[in-house]
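Take a look at the structure below. This short report walks through a few of its parts.

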Amino acid sequence: MQVSRRSFIKGALTGGAVTTAFGFDVRPALAQARELKIARTTETHSICPYCAVACSVIIHTLGDKAHNVTPSVVHVEGDPDSPINRGALCSKGITLRQFVVNDRRLTRPLYRAPGSHEWKTIPWDEALERMARLIKNSRDAGFEEKDAEGRVVNRLTNTAMIGGCTDTNEINYLLGKFRFGLGVVAYENQARL
Ligand code: SF4
């Protein structure tokens, strides 16, 4: 039987054409290969951080239940139960594992002093303390209780807030509370969840 390149690739993906061509079903072998890859992993549901489509993903982590083992992300795939992407990921989303397992990934806050050319690593406590202090200073300096006509506005226009597509509904809810508490008017978030 003549097997074209197209039908062979299609068969490798579906198992159907190869079954017909070679007389045996490769689907169990393909399923087992996938099963071995994610065997004993923990599944964590998350969202692709790259664009506003916000595709749902399943992150497979190995070793996070064992002592003396550093957990490692071994596989990321689209979530088939998601009504957004139905298990599919684009060419960017499919590389998410490299986004997580990457020795160039920033995991600690960096600080560059005004006028300096150098970034230095600082502790989280120092970074959070500094951010809180600067936000408070800006609010104290810019909060307007009333406008020029004496109308109550309770607004802060010297500070803006942005969010990202990995922000969940819960985070966005808290961000909303936070910004209304500050009086921030300018708020944008690429997540359309
Ligand atoms: S998988 Fe692709 S389309 Fe989906 S959120 Fe990520 S970058 Fe956007």
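## Around the ligand

How do the residues of the shell around the ligand divide into nonpolar, polar and charged? In this predicted model, eight are nonpolar, two are polar and one is charged.

Find them in the sequence. Cys48, Tyr50, Cys51, Val53, Ala54 and Cys55 are among the residues that surround the ligand. Asn85, Leu89, Cys90, Lys92 and Gly93 also belong to this group.

## A sheet of three strands

Strands of a sheet pair through backbone hydrogen bonds, either parallel or antiparallel. Here, three strands form an open sheet, in the order β6-β7-β8. Its pairing is mixed. β6 (143-146) and β8 (184-189) are the edge strands, and each pairs on one side only. From one strand to the next, the twist averages 30°.

Now look at β6 and β7. Strand β7 covers residues 152-163. The two strands pair in the antiparallel sense, over three bridges. Glu144 has Arg155 in β7 as its bridge partner.

## Two helices across the strands

Helix α5 (residues 124-142) lies across β6 and β7. It runs at about 150° to β7. Helix α6 (residues 169-182) lies across β7 and β8, at about 140° to β7.

## A closer look at α6

α6 has 14 residues. From its first C-alpha to its last it reaches 20 Å, close to the 20 Å expected at 1.5 Å a residue.

Why does α6 lie largely in the open? Of its 14 residues, the number buried is zero, so α6 lies largely in the open. Gly183 follows α6, and its phi is positive, near 95°.

Terms used:
Residues numbered from 1 in each chain as written. Predicted model: local features only at pLDDT ≥ 70, side-chain atom pairs only at ≥ 80, totals over all residues. Near = placed C-beta within 6 Å. Nonpolar A, V, L, I, M, F, W, Y, C, P; charged D, E, K, R; others polar. Pairing = 2+ DSSP bridges. Helix = DSSP H or I, 4+ residues; strand = E, 2+ residues; numbered from the N terminus. Axes fitted to C-alpha atoms, helices over the stretch in contact; angles between N-to-C directions. Contact = placed C-beta atoms within 7 Å. Expected span 1.5 Å × (residues − 1). Buried ≥ 20, exposed ≤ 12 C-beta atoms within 10 Å, placed from the backbone.
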